[in-house]
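Please look at the sequence and the model side by side.

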Amino acid sequence: MSVQERKQRERAERERLIVATARELAEQQGWDAVTTRRLAERIEYSQPVLYSHFRGKREIIGAVALQGATEMAAEVRAATAAANGPRERVTALARTYLDFAARNPAVYDALFQLDGGLAYAQEETPEPLKDAFAALQESLEGAAGNGTAPGLFTEVFWASLHGVATLTRSGRLPPEYTEQRVQLLVDRLAMT
């Protein structure tokens, strides 16, 4: 292995450590607790080392969001692949999405609430975000009904799930009725 390859590998490892540490800290204490000073202390590198990887907290949030998008897409695809039939597939999508949001609140915030400097629904949208949307759209294939654009249907279904996830997490919707909400959403929106 050349010196250049070793340096690139070490740089990638430091970057993964920064993102993992930021994510862990945000999940434990919230995003307000994630500062470059605190991250530098936790990973035992100087702040200039952090800034050599990320220009600041915004880019770190973006990196966590991209990682989360990849994880969410994989979870959605795994859950929906195991489903038997279109209705079960849409139900599995809804449950998996809501479960992901509940288990990963800081990642969910990085994806959908905080400014990570990422473009959504544009040409320059990063591939992990496009893939996460594609995973949702694949799972909803055939559920839109005749005459409804699949992308538009996916946006509306996703927005509904996002509302349930956000309102449940904030305590505005009681969590004990989540399953009924999922069934209502599937019954009313999905033509399965």
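This is a predicted model: local features need pLDDT of at least 70, side-chain atom pairs count only at pLDDT 80 or more; totals for chains, interfaces and linings use all residues.

1. Residues are numbered from 1 along each chain as its sequence is written, and side-chain values use heavy atoms, leaving out hydrogens and water.

2. Start with helix α5, residues 86-103. Helices here are DSSP runs (H or I, at least four residues), numbered from the N terminus. At 1.5 Å a residue, counted for one less than the number of residues, the 18 residues of α5 should span 26 Å; the end C-alpha atoms are 25 Å apart, which agrees.

3. Which α5 residues are buried? They are R89, V90, T91, A92, L93, A94, T96, Y97, L98, F100 and A101. Buried means under 20% relative accessible area (1.4 Å probe, protein chains only). These residues pack against α4 (57-81), α6 (105-112), α7, α8 and α9 (178-189).

4. Take T91 in α5. T91 counts as buried because its relative accessibility is 6%. Leaving aside neighbours within four places in sequence, T91 is in contact with V182, Q183 and V186. Contact means heavy atoms within 4.5 Å.

5. Now α7 (residues 127-139) and α8 (residues 150-169). Their axes, lines fitted to C-alpha atoms over the stretch in contact, come within 9 Å and cross at roughly 100 degrees. The two helices are therefore roughly perpendicular (65 to 115 degrees).

6. What meets at that crossing? F133, L136 and Q137 in α7 meet P150, G151, T154, E155 and W158 in α8.

How values were computed: Axes are lines fitted to C-alpha atoms, for helices over the stretch in contact, and angles run from 0 to 180 degrees between N-to-C directions. Angles under 35 degrees count as roughly parallel, over 145 as roughly antiparallel, 65 to 115 as roughly perpendicular and the rest as oblique. Buried means under 20% relative accessible area, exposed over 50%, partly exposed in between (1.4 Å probe, protein chains only).
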